[in-house]
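Work through these exercises with the model open beside you. Try each task before reading its solution.

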Amino acid sequence: MSAIRLLVLGAIRSRGRAHGYQVRSDLESWGAHEWSTAKPGSIYHALNRMKHEGLLAAEEAAVSGGPPRTEFTLTGDGEREYLSLLRDALAAEHDARVDVVSAGLGCMTDLPRPEVLTLLRRRLESLEGWRSSVLEHHDPEAPVDEEIGAVGEVLGFWVHSAESAAGWTRSLIERIERGAHVFAGEEGWRPSGVPSREVPGE
């Protein structure tokens, strides 16, 4: 799964209609260019590819004093793809890319609260299952066997990573259960995607 598809669809969905520069600016305002592949070239490539796939509809829009811009909106297939990618990101397996999980967390309020909790619990189960499977071959309290060598450090790293991710996910679930954030279908909700803002000169 590619985080860029989820991010671009989320950015357009949050505005309703957006041209490439707006998508790029929104993603940069969120810092996505630092922790994902959301660089200018990949953003425009994703826009064109998803247009050809029928996920985005494109329309030329006149701009006062300048050349027309291509504005994009989500099609019905684009909406379904966005929600499918979002669900997959939130329930991602233990070995999911960090940018995919991050994109899902940033857009999670576009789903109902009960569904988000179900998806996060699924991810938590995967993380805990991975930790248990590693512990079948590694005892963190025992000295590293010389025959295993540096591989023992790898196993320890996997256990530590799984424990850290599981602990954070567990605390997020608890925060959401206590009422954190406003989710789809709740009073005051608005599309999240990437937080939109107007950019000077648009």
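**Exercise 1. The pocket**

Which helices each supply at least two residues of the lining of the largest pocket?

Solution. The model is a predicted one.
- Step 1: Find the contributors. They are helix 6 (98-107), helix 7 (113-135) and helix 8 (151-177), each giving at least two lining residues.
- Step 2: Helix 8 provides the largest share of the lining, five residues.
- Step 3: Locate the centre. Of the 15 lining residues, H94, A96, V98, R123 and A165 lie nearest the centre of the largest pocket.
- Step 4: Sort the lining by class. Ten residues are nonpolar, three are polar and two are charged.
- Step 5: Give the volume. The largest pocket holds about 280 Å³ of space.

**Exercise 2. Helix 7 against helix 8**

Determine how helix 7 and helix 8 are oriented, parallel or antiparallel.

Solution. 
- Step 1: Take the geometry. The two helices pack at about 160°, and their axes are 9 Å apart.
- Step 2: Apply the cut-off. Angles over 145 degrees count as roughly antiparallel, so helix 7 is roughly antiparallel to helix 8.
- Step 3: The crossing of helix 7 past helix 8 is left-handed.
- Step 4: Classify the contact residues of helix 7 with helix 8. There are 17 nonpolar, one polar and eight charged residues.

**Exercise 3. Helix 1 against helix 5**

Describe the packing of helix 1 (residues 3-15) on helix 5 (residues 76-90).

Solution. 
- Step 1: Read the angle and distance. Helix 1 and helix 5 pack at about 125°, with axes 9 Å apart.
- Step 2: Name the arrangement. That angle makes helix 1 oblique to helix 5.
- Step 3: Assign the hand. Helix 1 and helix 5 cross in a left-handed sense.
- Step 4: List the contact. Helix 1 uses R5, L6, L9, G10 and R13; helix 5 answers with G78, E79, E81, Y82, L83, L85, L86 and A89.
- Step 5: Sort by class. The contact of helix 1 with helix 5 has seven nonpolar, two polar and four charged residues.

**Exercise 4. Helix 1 against helix 2**

At roughly what angle do the axes of helix 1 and helix 2 (residues 20-29) cross?

Solution. 
- Step 1: Take the values. The axes cross at roughly 105° and come within 10 Å.
- Step 2: Compare with the cut-off. Angles of 65 to 115 degrees count as roughly perpendicular, so helix 1 and helix 2 are roughly perpendicular to each other.
- Step 3: Find the residues. L7, V8, A11, I12 and R15 of helix 1 meet Q22, V23, D26 and L27 of helix 2.
- Step 4: Sort by class. This contact of helix 1 with helix 2 divides into six nonpolar, one polar and two charged residues.

Note on methods
Residues numbered from 1 in each chain as written. Predicted model: local features only at pLDDT ≥ 70, side-chain atom pairs only at ≥ 80, totals over all residues. Heavy atoms only, no water. Axes fitted to C-alpha atoms, helices over the stretch in contact; angles between N-to-C directions. Helix = DSSP H or I, 4+ residues; strand = E, 2+ residues; numbered from the N terminus. Parallel < 35°, antiparallel > 145°, perpendicular 65-115°, else oblique. Left-handed = near helix turned anticlockwise from the far one by under 90°. Contact = heavy atoms within 4.5 Å. Nonpolar A, V, L, I, M, F, W, Y, C, P; charged D, E, K, R; others polar. 1 Å grid on protein atoms, 1.4 Å probe; cavity = no way out; pocket = protein on both sides within 12 Å on 5 of 7 lines; lining within 4 Å. Points joined across faces, edges and corners; volume = space filled by probe spheres on them.
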